[in-house]
Amino acid sequence: MTDWTNAQQTAARTARWAVTMTKVRIARFIAKTKWQLVTFVGPAGGESVGIVDMMAVRKNHAPCEPPGKRGDVFEIILIQVKGGSAAFPSTDEIKRLRHVGRTYRAKAILLGQWKRGSEVRFFRLRKNGPFPSRRDYWTELTSLADVFH
């Protein structure tokens with residue numbers, strides 16, 4: 001018989017660690033840049049509702065269209081985090097991520113995947129589809145510099 005309470009607590013703990021480890025890995029890299037990292041947590045410190053778990057944001061200092069001025073516009077990277085044995089996002093989750101990305105004109109949509117005992121792996125959501133499997137929607141990043149430049 002499955003102990004659902006224990007399973008739920010383990011999953012919540014893994015999710016918190018996955019977010020923490022993702023945050024640490026990104027923070028190490030963006031310490032040299034002007035990106036700010038925002039995490040979204042629920043009232044009890046666990047997962048918050050919504051498809052986006054984290055967001056990286058910085059001011060875009062390129063000239064923009066009037067009436068805006070340089071520095072008025074933001075660059076945004078959306079990040080979803082999966083921990084433990086969680087599967088890649090479903091096609092419904094991918095549709096939601098793309099919708100949010102279009103709404104905020106995100107520069108990129110990333111997936112941070114953490115398993116205990118290993119470093120966080122990062123994947124970037126590909127622009128075109130459909131693809132044969134959920135995994136095929138994502139391209140693994142060899143360096144965070146590919147996105148945070």
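Buried means under 20% relative accessible area, exposed means over 50%, and partly exposed lies in between, using a 1.4 Å probe and protein chains only. By that rule, buried residues make up 35% of the 149 residues in the chain.

This is a predicted model, in which local features need pLDDT of at least 70, side-chain atom pairs count only at pLDDT 80 or more, and totals for chains, interfaces and linings use all residues. Residues are numbered from 1 along each chain as its sequence is written, and side-chain values use heavy atoms, with hydrogens and water left out.

## The chain as a whole

The chain has 2 helices and 6 strands. Helices (H or I, at least four residues) and strands (E, at least two) are DSSP runs, numbered from the N terminus. Their order from the N terminus is α-β-β-β-α-β-β-β. The C-alpha atoms fill a box of roughly 65 × 35 × 30 Å, taken along the principal axes.

The accessible surface of the chain is about 9,800 Å², and 54% of it belongs to carbon and sulfur atoms. Such areas come from the Shrake-Rupley method with a 1.4 Å probe; for residues, only the protein chains shown count as cover.

Now the contacts. Contact means heavy atoms within 4.5 Å. Among contacts between residues at least 6 apart in sequence, 52% join residues at least 24 apart.

Charges come next. The chain has 26 positive and 12 negative side chains, and the centres of the two sets lie 3 Å apart. Lys and Arg count as positive and Asp and Glu as negative, while His and the chain ends are not counted. Each charge is placed at NZ of Lys, CZ of Arg, CG of Asp or CD of Glu.

## Strand β3 and its partners

Two strands pair if DSSP finds at least two bridges between them. Strand β2 (residues 54-60) pairs with β3 in the antiparallel sense over 7 bridges. In that pairing, Met55 stands opposite Leu78 in β3.

β3 also pairs with strand β4 (residues 108-114), in the parallel sense and over 7 bridges. Lys82 has Gln113 in β4 as its bridge partner. To get from β3 to β4, the chain passes through helix α2 (residues 91-103), and this β-α-β crossover is right-handed. Right-handed means that, with the strands pointing away from the viewer, the path from the first strand over the helix to the second runs clockwise. Gln80 has a bridge partner in β4 as well: Leu111.

## Strand β4, covered on both faces

Why does β4 count as largely enclosed by the rest of the structure? Because 7 of the 7 residues of β4 are buried. In a regular strand the side chains alternate between the two faces of the sheet. In β4, Ala108, Leu110, Gly112 and Trp114 lie on one side, Ile109, Leu111 and Gln113 on the other, and all are buried.

β4 is joined to strand β5 (residues 121-125) by 4 bridges, and the two run antiparallel. Gln113 has Arg121 in β5 as its bridge partner. The hairpin of β4 and β5 has 6 residues between the strands, and there Gly117 takes a positive phi near 90°.

## A residue inside, and some outside

Thr22 lies in helix α1 (residues 4-30). Is Thr22 buried or exposed? Thr22 is buried, because its relative accessible area is 0%. Leaving aside residues up to four places away in sequence, Thr22 touches Met54, Ile79, Val81, Gly112, Val120 and Phe122.

| Residue | Relative accessible area | Loop |
|---|---|---|
| Ala44 | 82%, exposed | between β1 (36-39) and β2 |
| Arg70 | 57%, exposed | between β2 and β3 |
| Arg105 | 75%, exposed | between α2 and β4 |

The C-alpha atoms of Arg70 and Asn60, 10 residues apart along the chain, are separated by 7.3 Å. Arg70 touches Asn60, His61, Ala62, Pro63 and Cys64, not counting residues up to four places away in sequence.

## Backbone details

Pro67 sits in the loop between β2 and β3. A cis peptide bond joins Pro66 and Pro67, with omega about 10°. Arg105 has a phi near 50°, a positive value in a residue other than glycine.
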